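Subject: Structure for you to look at

Hello,

Here is the structure I said I would pass on. Please open it first, then read the notes below next to it.

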Amino acid sequence: MSEQPKLTVDNYGTFAEEYDNYFNDQLPFRNNLIKLNSWIDYFVFDRSANSKVIIGKDNWLFYDNKDDGDPIGCYQGNNLYTEAELQEIAENCVKQRNFLAERNIEFIIFIAPNKERIYSEDMPDRFGTPADNYKVLQIVNYLKEKTDLRVVYPYEELMSVKEYLDDNIYYKTDTHWNQIGGYVGAAALLKELGINMPSIEDDRIHITKINNRAGDLASMLHLLKELTFADFDYQVDGDETHNVQNLEEDFNTVFRYAADNADTRKLYVRRDSFSTAMAPYIGSQFNESYFRYSNTYSYEDFAEQHPDVYVYETVERLAYTLKDFSIQ
């Protein structure tokens with residue numbers, strides 16, 4: 001919250017604005033009034049009090065932020081890449097792969113699909129149907145056709161599971177997938193690494209609905225408690241966990257796991273928030289696995305781990321980072 005400003009010769013030009021911010025922050029019952037306004041907008045007028053949150057059908061919420069990967073632009077197939085831009089992305093990815101290959105390290109690109117495309121039927125009708133051609137599909141197809149890079153984009157796997165299950169695989173009130181979606185994403189990545197996990201349809205897999213919850217989009221509407229009824233956490237059991245142990249868990253830095261009698265390759269994942277739901281399943285399949293949050297990534301950290309496998313994980317709306325990310 002803003003502190004009360006003092007008028008000086010240095011801030012006389014901005015003092016009025018600073019005091020206005022201070023007054024608004026100190027307004028009695030400010031948070032209550034914001035919550036009440038958002039509650040009325042949502043439950044009475046069926047509209048969003050935050051321009052970055054889209055209210056969909058049946059309490060589904062979606063993300064709209066042009067400055068954070070533009071998920072709606074991705075959905076509608078806007079601003080497609082040129083051939084030159086795709087070539088630039090491919091060249092950088094190959095360059096990073098070659099750097100790792102010289103050190104006998106495998107390289108995998110993993111892209112988590114945007115929620116808007118997976119649950120397009122719950123988007124407001126004004127946004128239309130999802131585009132057949134869109135930016136991340138351009139990237140995936142180009143890399144697979146023009147290079148020998150290993151790319152995992154589990155859109156088809158997620159859609160297949162979505163048709164099979166009655167439970168949701170993404171959160172209604174959050175930008176992310178839930179534990180079911182995380183399991184499907186983890187299984188797709190592990191398959192690329194030669195490790196087969198039981199499919200969701202397998203009799204060994206049990207899905208348990210644990211508790212109600214609300215996510216980041218509900219928080220952006222100041223309705224965390226009010227929308228808790230709409231969402232659930234799940235637990236997926238039945239795969240071989242190799243007595244996995246969670247050695248470290250800090251969202252902003254590192255997830256670290258150790259397992260017994262699992263794959264002997266050491267795994268390093270340069271991740272975003274979508275790895276949160278995947279990490280326990282992936283971590284159970286390697287004797288050592290290390291998940292570093294991209295915002296705190298450094299080459300020194302990577303070099304210190306001496307991994308055998310390097311995974312660059314990102315969500316669809318941020319796949320443009322493939323153009324200029326660097327191992328070093």
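The side chains of Lys-162 and Glu-121 make a polar contact of 2.7 Å. The model is a predicted one, and that distance is computed from it. Lys-162 belongs to helix 7, which covers residues 155-164. Is Lys-162 buried or exposed? Its relative accessible area is 12%, and buried means under 20%, so Lys-162 counts as buried.

Most residues other than glycine have a negative phi. Asn-261 is not a glycine, yet its phi is positive, at about 55°. To find Asn-261, look in the loop between strand 8 (254-258) and strand 9 (263-271). Asn-261 is exposed, with a relative accessible area of 73%.

His-306 is the other residue to look at. Its phi is also positive, near 50°, and His-306 is not a glycine either. His-306 sits in the loop between helix 11 (299-305) and strand 11. With a relative accessible area of 62%, His-306 is exposed, because the cut-off for that is over 50%.

Last, the surface charges. Which residues gather in a patch of negative charge on the surface? They are Glu-85, Glu-88, Glu-91 and Asp-324. Of these, Asp-324 lies in the segment after strand 11 (309-315). Asp-324 is exposed, and its relative accessible area is 57%.

Regards

Notes: Residues are numbered from 1 along each chain as its sequence is written. This is a predicted model: local features need pLDDT of at least 70, side-chain atom pairs count only at pLDDT 80 or more; totals for chains, interfaces and linings use all residues. Side-chain values use heavy atoms; hydrogens and water are left out. Patches are made of residues with over 30% relative accessible area and no salt bridge: like charges are joined within 9 Å, nonpolar side chains (Val, Leu, Ile, Met, Phe, Trp, Tyr) within 5 Å. Accessible areas come from the Shrake-Rupley method with a 1.4 Å probe; for residues, only the protein chains shown count as cover. A salt bridge is a side-chain nitrogen of Lys or Arg within 4 Å of a carboxyl oxygen of Asp or Glu. Lys and Arg count as positive and Asp and Glu as negative; His and the chain ends are not counted. The place of a charge is taken as NZ of Lys, CZ of Arg, CG of Asp or CD of Glu. Helices (H or I, at least four residues) and strands (E, at least two) are DSSP runs, numbered from the N terminus. Buried means under 20% relative accessible area, exposed over 50%, partly exposed in between (1.4 Å probe, protein chains only). A polar contact is a pair of N or O atoms within 3.5 Å; within protein, one must be able to donate a hydrogen and the other to accept it, and residues adjacent in sequence count only if both atoms are side-chain atoms.
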